[in-house]
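Let us take this model apart by question and answer. Start with the open space, then move to side-chain pairs and backbone.

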Amino acid sequence: NAGTEADVYISVYGERGDTGSRQLLRSQKPKKFLKGQTDIFAVEAVHLGHLYKIVIGHNGLGSGNGWFLDKVTIKDPLTDLDYTFLCHRWLDQGQDDGNIARELTVTDTSTFPGKQELELRREETWTAEKWKFQEGNTLQFYNRLTRGFICLSPDSRVDALGDKKNKYGKVFFIWMYA
């Protein structure tokens with residue numbers, strides 16, 4: 001009794017937006033959402049970029065509407081990437097926590113190359129810039145909108161009215177745009 005006869009809906013979220021709620025109508029199997037079965041659906045949508053979460057659930061109607069969902073895998077045909085969303089829980093008003101919808105985040109970070117690239121860039125940037133934050137250095141942040149400075153001193157003081165001609169040895173300007 002882990003399958004469902006209820007209508008199942010999914011919303012897919014990516015870096016460029018979401019699909020909105022879509023009913024999963026036509027499986028490649030003759031009868032959908034049976035226990036132990038993998039169903040495959042085609043969902044048409046604009047390209048959402050890298051996916052990060054889904055919301056999946058059912059309407060709770062029909063006999064035996066409770067459903068145990070193991071996982072959802074979405075294949076992006078443009079990038080040929082697979083996104084996996086693990087659930088391994090009941091969507092059933094009488095089981096588990098009683099919820100018939102779940103919000104699932106992408107679980108396999110290897111399918112999210114943007115995250116790995118971002119982490120690599122962060123490490124490279126820190127390696128190149130960490131010398132600015134060594135003991136004895138002073139940082140000044142300039143806001144072009146207010147034409148004001150914020151000065152972070154070596155002794156941990158913060159001066160919101162920092163002077164361009166700071167008496168500390170090394171002064172670095174970081175331009176902040178609003």
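Q: Which residues lie nearest the centre of the largest pocket?
A: The model is predicted: local features need pLDDT of at least 70, side-chain atom pairs need 80 or more, and totals for chains, interfaces and linings use all residues. Numbering starts from 1 along each chain as its sequence is written, and side-chain values use heavy atoms, leaving out hydrogens and water. The lining of the largest pocket runs to 38 residues (a pocket is an open set of points on a 1 Å grid where a 1.4 Å probe fits, with protein on both sides within 12 Å along at least five of seven lines; lining residues have an atom within 4 Å of a point). Nearest its centre lie Asp39, Phe41, Val72, Thr73 and Ile74.

Q: Which strand gives the largest share of that lining in the largest pocket?
A: Strand E1 (8–14), E4 and strand E5 (67–76) each put at least two residues into the lining of the largest pocket (strands are DSSP runs of at least two residues, helices of at least four, numbered from the N terminus). One of them contributes 10 residues, the largest share. That strand is E5.

Q: How many residues lining the largest pocket are nonpolar?
A: The lining of the largest pocket holds 8 polar and 8 charged residues (Asp, Glu, Lys and Arg count as charged; Ala, Val, Leu, Ile, Met, Phe, Trp, Tyr, Cys and Pro as nonpolar; the others as polar). The nonpolar count is 22.

Q: What volume does the largest pocket have?
A: Volume is the space filled by probe spheres set on the grid points. For the second largest pocket this comes to about 210 Å³. For the largest pocket it is about 1,200 Å³.

Q: Which residues line the second largest pocket?
A: The lining of the second largest pocket divides into 5 nonpolar, 1 polar and 3 charged residues. Phe41 belongs to this lining, and Phe41 also lies among the residues nearest the centre of the largest pocket.

Q: How many salt bridges does the structure hold?
A: A salt bridge is a side-chain nitrogen of Lys or Arg within 4 Å of a carboxyl oxygen of Asp or Glu. One of them pairs Lys53 with Glu103, at 3.4 Å from N to O. The total is 7.

Q: How far apart in sequence are the parts that Lys53 and Glu103 tie together?
A: Lys53 is buried at 17% relative accessible area, whereas Glu103 is exposed at 55% (buried means under 20%, exposed over 50%, partly exposed in between, with a 1.4 Å probe and protein chains only). Lys53 sits in strand E4 (residues 51–58) and Glu103 in strand E7 (residues 101–105), so the pair ties together parts at a separation of 50 residues.

Q: Which residues does the salt-bridge network join?
A: Asp97 takes part in two pairs. Arg89 reaches Asp97 at 3.2 Å, and Arg102 reaches Asp97 at 2.8 Å. Arg102 is buried at 7%, while Arg89 is partly exposed at 31% and Asp97 at 39%. Through shared partners, one network joins Arg89, Asp96, Asp97 and Arg102.

Q: What phi does Asp96 have?
A: Most residues other than glycine have a negative phi. Asp96 lies in the loop between E6 and E7 and is partly exposed at 46%. Its phi is positive, about 55°.

Q: What phi does Asp80 have?
A: Asp80 sits in the loop between E5 and strand E6 (81–91). Asp80 is exposed, with 53% relative accessible area. Asp80 is not a glycine, yet its phi is positive, about 65°.

Q: Which residues is Gly20 in contact with, leaving aside neighbours within four places in sequence?
A: Gly20 lies in the loop between strand E2 (17–18) and strand E3 (22–23) and is partly exposed at 24%. Its C-alpha is 9.7 Å from that of Tyr9, 11 residues away along the chain. Contact means heavy atoms within 4.5 Å. By that test the partners are Ile10 and Ser11.

Q: What pattern does the protein chain follow along the sequence?
A: The protein chain has 1 helix and 11 strands. Of its 178 residues, 30% count as buried. Read along the sequence, the order is β-β-β-β-β-β-β-α-β-β-β-β.
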